[in-house]
Amino acid sequence: MDKAFQGEHLLPGHIGQIFVILSFGAALLSTISYYFATTTADKLDKSWHRMARIGFYANTIAILGVAVCLFYVIYNHYFEYHYAWSYTSRSLPVYYIVSGFWNGQEGGFLLWTFWQAVIGNFLIWKAKSWEKPVMTVISLSQLVLASMLLGIEFFNVRIGSSPFLLLRDAIEAPIFSRPDYLNFIKDGQGMNPLLQNYWMVIHPPTLFLGQALVVVPFAYAIAGLWQKRYKEWVNEAIPYALFGAMVLGTGVIMGSLWAYESLNFGGFWAWDPVENGSIFPWLTLVGGLHVLIVYKNTGHSYFTATFLVLLSFIMVLYSSFLARSGVLGETSVHAFTDLGMFDQLVAYIVIFLFIAVYFLIVRRKELPITKKDEDTYSREFWMFVGAIFLGLSCFHLILVTSIPVWNRMFGTKVAPPTDSVGHYNIVQASFGMVITLLTGFTQFLKYKKTDITRFFITTLLYLAVAVIIAAVIIYATGLYKLQFVFMLVMLGSIYSLLANGKVLADALKGKFKLAGSAVAHIGFALMLVGALIAAGTRGVVSKNDKGSIDIAGFNRDGGVGDARENVMIYKNEPVKMGDYMVTYLGDSLAAPNHYFKVDYKRLDATGKVSEEFTLKPDVLTNPQMGSLPSPSPDTKHFLFHDLYTHITALPVVNEKPADEQADAAHGGENDDKNYDAPVVYEVSMGDTIRFREGYIILKSLNKEAQVQNIPLAANDIAIGAKLVVVSHDKTYEAEPVYMIKNKSVFDFARKVDDAGLKLRLTKIIPDKNKVEITVYQQPENKKPWIVMRALDFPYINFLWAGTVIMIIGFLLSIFRRSKELKTV
């Protein structure tokens with residue numbers, strides 16, 4: 001415990017920082033040792049190799065030590081640490097505390113270097129003769145990542161950002177001059193409400209594993225060029241490239257699932273710059289993977305394969321730079337702010353870009369190049385063309401996404417496209433159309449030489465069938481209302497499904513080694529089918545025929561929302577939306593089960609309820625972070641469509657009176673202004689009182705009524721009116737109380753909030769055998785309400801099913817290539 005500051009737990013931070021420095025030193029030792037182990041002329045000298053392994057093992061242990069210390073700090077809510085204070089709070093459940101581990105940049109770098117350490121240890125076990133050069137590259141990457149966590153100053157230059165930085169060192173404020181400042185910091189800022197989703201517990205680890213895996217084929221390519229083993233590295237790299245593409249693609253799709261379930265833009269992909277950056281390396285890696293297979297089978301396209309593999313890891317680094325450097329500014333909702341590591345992030349890219357370019361230039365005259373061109377009707381030629389289109393797709397994304405980078409580099413003020421989503425949709429759909437057609441007809445081609453007559457007959461036959469099926473789907477789903485390029489993408493996807501379906505059928509007959517690529521292509525095509533129909537033909541369920549909502553921000557041009565797609569619903573007043581009767585039933589504002597309850601009923605032709613379900617969309621806030629309300633949708637999943645609902649506006653909730661009971665003792669006079677003028681009724685037992693939205697029945701009088709915390713003496717009287725309130729097919733009970741205590745008269749009102757009522761028993765009339773009930777009713781504009789938007793996403797499950805099928809295809813291909821590697 002620090003003598004100057006009370007209550008601080010400095011030991012875990014000190015230990016954690018020691019591990020951070022140890023991880024950097026060990027990575028440096030491992031890098032240097034692996035380099036000399038690779039370049040030493042004395043092959044019998046194992047000392048450098050032993051030292052390299054010791055260094056990497058020490059780096060791994062140090063990384064685990066950092067992780068344990070950081071989690072200890074977070075889990076125990078030691079808010080004297082800036083990281084724990086910034087990203088967690090006492091109210092977070094354990095699983096969100098775990099995700100808080102990688103919520104900040106430092107935790108993200110730690111997760112990345114952890115996965116690289118795991119991969120490096122696997123390679124030490126499996127790489128055999130490739131270990132030394134491959135691990136030199138991976139150790140160097142570990143060294144750079146370790147520097148991101150150092151948080152030290154070297155010649156007045158700050159290197160990295162430590163996860164164990166103290167709050168009082170991170171923020172300048174008068175409170176931190178007090179030794180007892182922790183007495184005033186009762187809780188952390190907590191987690192961004194949008195990140196409090198189960199997908200954010202598993203999406204980042206998966207994505208970072210995918211990014212970490214991309215370094216392996218890069219390392220093998222560098223090792224092959226360095227050691228002049230130009231051909232051998234290809235077979236070794238293919239399984240890792242497959243695994244990396246599978247995991248990285250899975251991580252990206254998990255991100256789209258999170259966006260679909262948590263964000264309110266009404267979709268699963270918004271072409272946000274950080275989203276775009278996540279698929280840069282996937283596109284180039286998948287392209288490189290296909291050309292690696294071409295080279296393995298034919299000896300063609302060696303340079304292209306090597307270039308795309310090397311470029312893939314550079315794209316990982318560049319996408320990380322975009323997300324973490326602050327260069328994107330306000331153009332991305334996912335980007336981090338700059339932690340002062342801009343130069344380090346650039347250096348990370350430059351180091352590995354220099355290594356890649358250096359070896360490509362130095363070895364350019366020795367690279368395997370075939371003098372004979374590929375046959376135009378060969379599979380390898382069109383696989384090469386497909387890889388080029390994947391590269392061009394990536395190039396377009398980089399070009400437009402990086403506009404803020406170009407502006408910063410060249411001092412320009414180029415604006416991104418006005419309709420960026422429309423721009424990306426059109427251009428990327430064009431690439432998608434070409435790629436799907438290529439994944440289709442290349443299945444009918446052979447390596448090196450193809451029977452041209454048979455190829456054309458088969459191709460045209462399947463294309464004709466695809467045209468018919470696509471035409472039916474386009475007409476049935478309404479895709480014909482969209483631009484023509486989207487119809488071509490649908491045609492290409494159906495064609496790819498048919499062609500790869502034939503290959504899969506052949507594989508099941510005995511050519512099982514072909515199954516992996518066919519299944520992966522089927523999954524990819526099915527993803528595009530689902531994405532096209534769901535995004536292109538989504539329907540608005542919450543149509544507003546009036547075209548206006550009397551709330552600021554709703555207009556036809558956007559703002560808070562398009563009034564034509566949003567409906568205001570008053571509590572317990574059913575509203576017709578498409579095939580549903582929708583009722584806002586109320587809310588639960590108590591954490592952690594915070595939600596707004598919306599009931600959906602589908603009526604059949606006879607008016608009977610054929611289906612009923614309840615959705616619970618939410619609006620999340622974090623006052624400690626000063627965050628604006630963030631709508632969190634809820635979705636009803638059906639087999640062939642999803643019904644997606646989110647809140648777009650809420651009334652301002654007023655604070656309740658401090659002493660409600662005192663208010664009730666005077667009939668609730670303090671809040672009478674929230675109701676219309678009261679109406680007084682004289683009623684007998686069994687009589688009915690009608691109000692605007694239902695009726696009230698006096699069932700009986702309770703002569704032994706009690707009011708909490710008010711004891712009654714022998715001469716005191718308390719009578720309760722047992723009332724049944726029926727409103728919008730819902731039944732409620734209320735018991736207002738009339739009391740005579742110490743010869744003074746009081747009455748205690750009771751509210752039925754769902755019906756917008758306040759009820760008072762204001763007089764007993766013995767001679768008429770009646771009582772006086774005073775009814776207060778909220779005016780229409782005072783009733784609880786929400787504004788909501790409901791969308792229908794048809795056939796979106798094809799997108800998610802296609803993802804699963806594509807992953808299965810990758811797994812089958814990994815098993816096949818790993819088996820081939822063992823037989824070499």
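Guide: Two strands are said to pair if DSSP finds at least two bridges between them. The model before us is predicted, and we may begin with such a pair.

Visitor: In what sense do strand E19 and strand E20 pair, and over how many bridges?

Guide: In a regular strand, side chains alternate between the two faces of the sheet. Here E19, residues 717-727, pairs with E20, residues 730-734, in the antiparallel sense, and the pairing extends over five bridges. Within E20, Ala 734 is the residue that stands opposite Leu 723.

Visitor: What do E19 and E20 form, and which residue in the turn has a positive phi?

Guide: The two strands form a hairpin with two residues between them. His 728, in the turn, has a positive phi of about 50 degrees.

Visitor: Let us turn to the helices. By what is a pair of packed helices described?

Guide: One gives the angle between the two axes and the distance between them. For H8 (residues 199-226) and H9 (residues 232-262), the angle is about 155 degrees and the axes lie 8 Å apart. Angles over 145 degrees count as roughly antiparallel, and H8 and H9 are therefore roughly antiparallel to each other. Their crossing is left-handed. The contact of H8 with H9 comprises 22 nonpolar, nine polar and two charged residues.

Visitor: At what angle do the axes of H9 and H10 cross?

Guide: The axes of H9 and H10 (residues 273-298) cross at roughly 150 degrees and come within 9 Å. H9 and H10 are therefore also described as roughly antiparallel. H9 passes H10 in a left-handed crossing. Contact residues of H9 include Trp 233, Leu 242 and Leu 248, and those of H10 include Trp 282, Leu 285 and Lys 296. By class, this contact has 17 nonpolar, four polar and one charged residues.

Visitor: Where H8 meets helix H11, at what angle do the axes cross?

Guide: The axes of H8 and H11 (residues 302-324) cross at roughly 140 degrees and come within 9 Å. That angle makes H8 oblique to H11. H8 passes H11 in a left-handed crossing. Among the residues in contact are Phe 208, Phe 218 and Leu 225 of H8, which belong to the set meeting H11 residues such as Tyr 302, Phe 313 and Arg 324. The contact divides into 14 nonpolar, four polar and one charged residues.

Visitor: How many salt bridges does a search of the whole structure find?

Guide: The search finds 14.

Methods: Residues numbered from 1 in each chain as written. Predicted model: local features only at pLDDT ≥ 70, side-chain atom pairs only at ≥ 80, totals over all residues. Heavy atoms only, no water. Helix = DSSP H or I, 4+ residues; strand = E, 2+ residues; numbered from the N terminus. Axes fitted to C-alpha atoms, helices over the stretch in contact; angles between N-to-C directions. Parallel < 35°, antiparallel > 145°, perpendicular 65-115°, else oblique. Left-handed = near helix turned anticlockwise from the far one by under 90°. Contact = heavy atoms within 4.5 Å. Nonpolar A, V, L, I, M, F, W, Y, C, P; charged D, E, K, R; others polar. Salt bridge = Lys/Arg side-chain N within 4 Å of Asp/Glu carboxyl O.
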